[in-house]
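Here are some notes for a first look at this model. Please keep the structure open while reading them.

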Amino acid sequence: MPPTATPAAASVDRDSYLTLHYSLADLAGNEYVSTFGLSPATLQMGSGQLAETLEECLLGLAVGGRHVFELAASEAFGEHNPRLVERIARNALPPDIELRTNSLIEFSSTDGASFAGLLCELDDSSALFDFNHPLAGKPIRFEVELIAIL
């Protein structure tokens, strides 16, 4: 009887559909997002659901076990760009927006795309927004537990 080949374990590819737990934290341990202890996330690689640099960490992983990746700011969400910090006159903002310091405010561009800015300062005449990713300029710890490759 000829030997039978054992199928190779599946690993994450650029177009894989995954179920996983993950967390993002800074290197001081401040957690920004985590699915551990909640329902796992399901995502399509390459669809933009996860940052491309984080997807790169997943390539080649097999199901099972936890993996931890520490990424420099430039490898994660990029360096903080001071040109993305902008002061906007209050009378130029939509009147129905609730303005609270340290909250994310969603905006729509003329082409229908949406983007968010962190309201950093507020005074009687203007608001200061930071349109960088909240983790820009910070090295991060990306922890993953791959549950399934679908």
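1. Start with a polar pair. The side chains of E143 and R141 make a polar contact at 2.9 Å. This is a predicted model, so the distance is a computed one. E143 sits in strand β9.

2. Is E143 buried or exposed? E143 is buried, because its relative accessible area is 11% and the cut-off for buried is under 20%. Setting aside neighbours within four places in sequence, E143 is in contact with H21, Y22, S23, F36, R66, H67 and V68.

3. Next, look at S34, which belongs to strand β2 (residues 31-34). S34 has 18% relative accessibility and therefore counts as buried. Its side chain reaches the backbone nitrogen of F36 at 3.2 Å. Not counting residues up to four places away in sequence, S34 touches Y22 and S23. Y22 and S23 are also among the contacts of E143.

4. Now the nonpolar side. Nonpolar side chains in soluble globular proteins tend to be buried together. In this model, the largest nonpolar core has 21 residues. Which of them touch the most other members? They are L18, L20, L54, L58, I140 and F142.

5. Leaving out residues up to four places away in sequence, L58 touches V12, L18, L20, M45, L50, F142 and V144. Three of these names, L18, L20 and F142, are also on the list of residues that touch the most other core members.

6. Move on to the hairpins. Strands β6 (residues 104-108) and β7 (residues 114-122) pair in the antiparallel sense, over 5 bridges. F107 stands opposite F115 of β7. The hairpin of β6 and β7 has 5 residues between the strands. Which residue takes a positive phi in this hairpin? It is G112, with phi near 95 degrees.

7. β7 also pairs on with β8 (residues 126-130). These two strands run antiparallel and are joined by 4 bridges. L128 in β8 is the bridge partner of E121. The hairpin of β7 and β8 has 3 residues between the strands.

Note on methods:
Residues are numbered from 1 along each chain as its sequence is written. This is a predicted model: local features need pLDDT of at least 70, side-chain atom pairs count only at pLDDT 80 or more; totals for chains, interfaces and linings use all residues. Side-chain values use heavy atoms; hydrogens and water are left out. Two strands pair if DSSP finds at least two bridges between them. A nonpolar core is a set of buried Ala, Val, Leu, Ile, Met, Phe, Trp, Tyr and Cys residues joined through side-chain atoms within 4.5 Å. Buried means under 20% relative accessible area, exposed over 50%, partly exposed in between (1.4 Å probe, protein chains only). Contact means heavy atoms within 4.5 Å. A polar contact is a pair of N or O atoms within 3.5 Å; within protein, one must be able to donate a hydrogen and the other to accept it, and residues adjacent in sequence count only if both atoms are side-chain atoms.
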